[in-house]
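Subject: Structure for you to look at

Hi there,

Here is the structure I promised to pass on. Have a look at it first, and then read on for what turned up in it.

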Amino acid sequence: MKAKKTIRKVLVINSGSSSLKYQLFDMTKGERLAKGLVERIGCGGPKDHTAALKSVVEALGCPKDIDAIGHRVLHGGEVFKDSVLMTKANMKKCKALVKFGPLHMPANLGGIEACEKIFKGVPNVAVFDTAFHQTMPDCAAMYAIDPKYYKKMGIRKYGFHGTSHKFIVEEAAKFLKKPVSKVNLVTCHMGNGSSLAAVKEGKCVDTSMGLTPLAGMVMGTRCGDIDAAAVLSIMEAEKLTPAEADTLLNKKSGLLALTGSSDCRDICSKAEKGDKAAELALEMLAYRTALYIGGYNTIIGGADAIIMTGGIGENSSEVRERIINRLGALGIKLDKRANKKSHGVTAVLSAKGSKIPVIAIPTNEELMIARDCVRVLGK
């Protein structure tokens, strides 16, 4: 019997509509060897993803020892509940899911097809943003609308940021010295796009994003949870098309609409100077986060820890303070000194004696994708 090849070097690709991010890992050591970004694909830069990949090959020095390539793919629907080796059959299934992410999915799949041309014979693994959340029970995933829309169109909650949430669950389990299968967590991925997940015994049982990444938290440019009737009222009053309403809710709402900026650092600076709009926006963000944390803590029967991650969760002591100060009913108190000092490192933010620890843990979605490559190809 032929021995399985050791997966050493893994190239991770994140193909966007106009950019391509990459990182190269040595998985024998878990070390990143290189990273980079190719921008302006199709608009002044490389003409397509194949051309962009060729520039990556040149930047990496024409590597011939890449053992696997991992790809971030937005949507796996209900078809893909885990990362998979990309075969012709799986590519066909993925293309049928483009309707769930018409902006991102063609670029994601285009990156895979480009790699198949350039890195001939190297296996490609698709890692789906939605996969981690597919363990949600129906009571959390389904919407209270006519079931025909689920049957015909697949309208239900899918959730996103799954790769980040999965990575954080594994890292938190290590930090807490518990098996993943025994850990209960509320994971808070907070950045320009934000989502929370309720994790019971290592598996997702609910998450704040829905059919699309629009639902849930107050975000950089997304409104998060909103009464559907409010949207209909705005559309009627402003004579908006569905596409225009989509742009309004996804790109012109959230912190940007409230303060004029989608950058949390700018908003914190404005609030510190007494800007009332910035102060309100931060309080709305903290309130919504605390609301979800409290609900998810109940759903999982009590968390072993609450985890903060993502650009805001890892670095914004101001936002974290506002959130943690709202969690007193859970027996949580803020350690102001620890919170102020923690930026981009793993650290306990709650005071000693808190019933539930609040921990900042840096996420690493690219490393999680590389790990999944090794796991999938090792089967």
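Let me start in the loop between α5 (148–153) and α6 (162–176), because that is where His161 is found. Please keep in mind throughout that this is a predicted model. His161 is not a glycine, yet its phi is positive, at about 60°. Is His161 buried or exposed? With a relative accessible area of 10%, His161 is buried, since the cut-off for that is under 20%.

Next, a pair of helices. Helix α2 (residues 88–95) packs with helix α3 (residues 105–118) at an angle of about 165°, and their axes are 11 Å apart. Angles over 145 degrees count as roughly antiparallel, so α2 and α3 fall into that class. The crossing in which α2 passes α3 is left-handed. Which residues in α2 and α3 meet? From α2 come Met91, Cys94 and Lys95, and from α3 come Met105, Leu109, Ile112 and Glu113. Sorted by type, the residues of this contact are five nonpolar, two charged and no polar.

One more residue for your list is Ser317, which is found in helix α13 (residues 317–324). Ser317 has 5% relative accessibility and so counts as buried. If you set aside its neighbours within four places in sequence, Ser317 is in contact with Asn339, Lys340 and His343.

Finally, the chain as a whole. The chain holds 15 helices and 12 strands. Its radius of gyration is 21 Å, close to the 21 Å that the globule rule gives for 379 residues, so the chain is as compact as a globular protein of that length. The C-alpha trace spans about 60 × 55 × 45 Å along its principal axes. Buried residues account for 50% of the 379 residues. Among contacts with a separation of 6 or more, 64% are between residues 24 or more positions apart.

Definitions and conventions: Residues numbered from 1 in each chain as written. Predicted model: local features only at pLDDT ≥ 70, side-chain atom pairs only at ≥ 80, totals over all residues. Heavy atoms only, no water. Axes fitted to C-alpha atoms, helices over the stretch in contact; angles between N-to-C directions. Helix = DSSP H or I, 4+ residues; strand = E, 2+ residues; numbered from the N terminus. Parallel < 35°, antiparallel > 145°, perpendicular 65-115°, else oblique. Left-handed = near helix turned anticlockwise from the far one by under 90°. Contact = heavy atoms within 4.5 Å. Nonpolar A, V, L, I, M, F, W, Y, C, P; charged D, E, K, R; others polar. Rg over C-alpha atoms; globule rule 2.2 N^0.38 Å. Buried < 20%, exposed > 50% of the residue type's maximum accessible area, 1.4 Å probe, protein only.
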